[in-house]
Amino acid sequence: MAGAVSGERKRIIVAITGATGAGIGIRILQTLRRLNVESHVIISKWASETIKWETDYTVATVRALADFAYSPHDLAAPISSGSYHIDGMIVAPCSVRTLAAINAGVCDDLVTRAADVCLKERRSLVLAVRETPFSEIHLRNMLDVTRAGAIVAPPVVGFYTKPSSIEEIVDQMTGRLLDLFGLDSKNFVRWEGMHNEG
């Protein structure tokens, strides 16, 4: 897969869209900073509202977590071009509207354009689709975008970790998403088989 030039820090785009679960995107940005990965964030219009509703963060503080932040309307941003080296993109949470637009190849904002670039350049594109239940349309879009090269990875709780807080649940979800880029967040319990206790 094409990615950042050898020897440079990894570069990951994080897009936060309007589905519930803004804290997942925020935790990804925090973890990328801790792992010294260069992050590029795009926050959609409705994600801005969700951040205010679901978290104690402002949009400005979320943007400040990234190395680079872009308006969703900035289709001239470096990440809108395949000639700009990145290692991939995570859309978390990914609304079903964003999923549908990416699947249809509709590049009407920077989120969908950057995702389209990842697909055409054969770079990693991970979509943390956040919706339940799924309609047939959602399922078709997920199947088709997977066939186009994306990875659909809904944020699902790993109950085997026996989480004691929402923070532990979010750590496990974001850790599994970052695994898909070869990044070990080192902050959640991994499955190591069943062991008899006592």
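In this predicted model, strand E2 is largely enclosed by the rest of the structure, because 6 of its 6 residues are buried, that is, each has under 20% relative accessible area. Glu38, His40 and Ile42 point one way from E2, whereas Ser39, Val41 and Ile43 point the other way, and all of them are buried.

Together with helix H1, the strands E1 and E2 make a right-handed β-α-β unit.

The largest nonpolar core has 27 residues, of which Ile16, Ile28, Leu29, Leu32, Ile90 and Leu177 touch the most other members. At least two residues of this core are supplied by each of strand E1 (11-16), helix H1 (22-34), strand E2 (38-43), helix H2 (45-54), strand E4 (88-94), strand E5 (124-129) and helix H7 (166-179), and the largest share, 6 residues, comes from H1. Apart from this core lies another, of 25 residues, which includes Ile13, Tyr70, Ala77 and Met142. In soluble globular proteins, nonpolar side chains tend to be buried together.

Leu32, one of the residues that touch the most other members of the largest core, is in contact with Ile12, Val14, Val37, Ser39, Leu178 and Leu183, when its neighbours within four places in sequence are left aside. Ser39, which is among these contacts, is itself one of the buried residues of E2.

Technical notes. Residues are numbered from 1 along each chain as its sequence is written. This is a predicted model: local features need pLDDT of at least 70, side-chain atom pairs count only at pLDDT 80 or more; totals for chains, interfaces and linings use all residues. Side-chain values use heavy atoms; hydrogens and water are left out. A nonpolar core is a set of buried Ala, Val, Leu, Ile, Met, Phe, Trp, Tyr and Cys residues joined through side-chain atoms within 4.5 Å. Buried means under 20% relative accessible area, exposed over 50%, partly exposed in between (1.4 Å probe, protein chains only). Helices (H or I, at least four residues) and strands (E, at least two) are DSSP runs, numbered from the N terminus. Contact means heavy atoms within 4.5 Å. A crossover is right-handed if, with the strands pointing away from the viewer, the path from the first strand over the helix to the second runs clockwise.
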